[in-house]
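Here are my notes on the model you asked about, point by point. Have the structure open while you read.

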Amino acid sequence: MTNAISFRNTPATKDATRRPTEHRSNRPSRPRHGQINALFVTTEMTDFVKTGGLGDVAAALPRALSRWHDVRVLIPGYPAVLERARSLRWVGWTQPFAGLPAARIGHMRTEDGLDVYVLRQPAMFERVGSPYVGPTGTDWTDNATRFALLSMAAAQIAMGTTGMDWCPDLLHLNDWPTALAAPYLQWGGRRVPSILTIHNLAHQGLFPATCRATLGIPMRATEADYHGQISFLRAGLMLADQVTTVSATYAEQIATPLHGMGLHALLHRRAAQGRLSGITNGIDGSWCLANDPALPQGDDRGADAVRLRARAQLRSELGLDEHEGPVFSFVARMVAQKGIDLVCEVGPQIVSAGGQLALIGVGDADMEAAVARLARRFRGRVAASIGFSEPLARRMFAGSDFLLMPSRFEPCGLSQMYAQTYGSLPIAHATGGLLDTIEDGVTGLLFSQPRATDLRQALQRAFRIYDETELLQAMRRAAMAQRHDWTGPARQYSALYAKAVAQRAAA
């Protein structure tokens, strides 16, 4: 093909080409009885590092899919990953390409048997900060190179050129940092199928067009071009065999101008081709009131008893007064997308009506400051923890009566499912996955527009429900009876894996 690019001709560095002692061959293992070898490529995974819902999905979905397929994870070698990968053994290497350096590939196996490949390139990944931003809170200036390297590594693993003894039949890519893997394969003339999952369309991987040569994008390839910039996500959406997102409603919404973030026409076209689908996320089995080590357990493991103990501990930790009214919680990033400004606006109403409010999260500095001011103004009735603690978040879900989720948009959301499982009723804007997982008046409350007036009306409903004990208990039971495990979603992904492999084989 005219735009074909080669991954074989550039000599590797000495460190990258050192033959791993456990290398045997690069011959792909073949699936049997419908088994597919799938490489799940991610920038975060709760086992090692987490900044959002992708970390939870990357930890749970490959494990759920292992029932049918050989699914292995590829993640960059951040310091947090290397610290936990003490049994790492070197099994392969990537070739340098364009301005992308060579890297080593290590293998480890988690205690429960999940195979994880670690891409080690110290200059790219071994630095203090999150996967995406530095200690000052700004994006790493070389993110284009860092995540193009991750994408290229996935592509080379799929082509069997890394010296590894395992080769995937399919790549499962996640969000913009991994999206270039599908174009790299296509531009290189390779036929390995790929699935790209959108966890949040707002993040598209936009970089200056001057990065083109460094990233090795062929001059005649237009898939990555986006209004004078390079878009990792657009390129992946155009060339992946299947595109998924994390709820059915969000899949419909992103194909419209209102929610499509400038990519709605492309996504509408992919949907018309039968190549865009929504699969609602699940939550892992650690969410169990009776066995959660983050909750104060006692002789009575009944839901009401556990919730009462969790509420008492939550109030003690955060400095909330003993009180008869309902407890509302907010567990999310403190950014405009999550509607934290709306929560701050209605906070005084919650207090005046006899409720309490507990908040946890990190985010924009001005939003954090607004939350801190609210907590100071209503000391003992409003409490905030700026930061994130998973155990404290779990106690918030278990110890509150209602969870506030006034998100302006929400691809899926996991917090509403955590809350329902622990008996806290979500109060949410009817959008994306929130609309798919909350039945208004049965397992939570929905409101139509992300405005303070609509949220206030929903709060009025919540206070009335709280005063009607039988209704409150009935809704709580209905919420806790929901099944949010990964079995159903994993089965849908398994079918999509088979579809993508069959489509590519027939092409």
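1. Start with helix α2 (residues 53-65), which is mostly covered: eleven of its 13 residues are buried. Helices here are DSSP runs of H or I with at least four residues, strands are E runs of at least two, and both are numbered from the N terminus. Buried means under 20% relative accessible area, exposed means over 50%, and partly exposed is in between, with a 1.4 Å probe and protein chains only. The buried set in α2 is L54, G55, D56, V57, A58, A59, A60, L61, P62, A64 and L65. Their cover includes β1 (37-41), β2 (70-76), β6 (170-174), α15 and α19, where contact means heavy atoms within 4.5 Å. From its first C-alpha to its last, α2 reaches 18 Å, close to the 18 Å expected at 1.5 Å a residue; the expected span is 1.5 Å times one less than the number of residues.

2. A word on what you're looking at. This is a predicted model, so to speak of local features we need pLDDT of at least 70, side-chain atom pairs count only at pLDDT 80 or more, and totals for chains, interfaces and linings use all residues. Residues are numbered from 1 along each chain as its sequence is written, and side-chain values use heavy atoms, with hydrogens and water left out.

3. Y493 sits in helix α19 (residues 487-506). Is Y493 buried or exposed? Y493 is buried, at a relative accessible area of 2%. Leaving out residues up to four places away in sequence, Y493 touches L61, L65, H172, T197, T244 and I279. Y493 and I195 are 298 residues apart in sequence, yet 9.7 Å apart in space, C-alpha to C-alpha.

4. Residues 39-268 are 30% helix and 22% strand, with end C-alpha atoms 27 Å apart. For residues 323-479 the figures are 48% helix and 18% strand, with the end C-alpha atoms 24 Å apart.

5. Which residues have the most contacts inside the largest nonpolar core? They are L74, Y184, L215 and F232, in a core of 99 residues. Helix α5 (residues 143-159) supplies the largest share of this core, twelve residues. Apart from it lies another core, of 36 residues, among them L374, F378, A452 and A458. A nonpolar core is a set of buried Ala, Val, Leu, Ile, Met, Phe, Trp, Tyr and Cys residues joined through side-chain atoms within 4.5 Å. Not counting residues up to four places away in sequence, L215 touches F97, A98, L100, A144, T145, A148, Y184, I230 and F232.

6. On to the rings. The structure holds 15 aromatic pairs. Rings of Phe, Tyr and Trp (its six-membered ring) pair if their centres lie within 6.5 Å; planes under 30 degrees apart count as stacked, over 60 as edge-to-face and the rest as tilted. Y184 and W187 make an edge-to-face pair, 6.0 Å centre to centre with 80° between the planes. Being three residues apart in helix α6 (residues 181-187), Y184 and W187 are separated by about one helical turn. Both Y184 and W187 are buried. Ring pairs also link Y132, F147, W176, F207 and F232 into a cluster.

7. Two arginines lie over tryptophan faces: R104 over W90, at 4.2 Å from the ring centre, and R127 over W140, at 4.6 Å. The cut-off is NZ of Lys or CZ of Arg within 6 Å of the ring centre and within 35 degrees of the ring normal.

8. Phi of A98 is near 50°, a positive value in a residue other than glycine. Most residues other than glycine have a negative phi.

9. Last, helix α14 (residues 390-399): eight of its ten residues are buried. The buried residues of α14 pack against α11 (303-318), β13 (327-331), β14 (356-361), β15 (382-386), β16 (402-405) and α15 (415-421).
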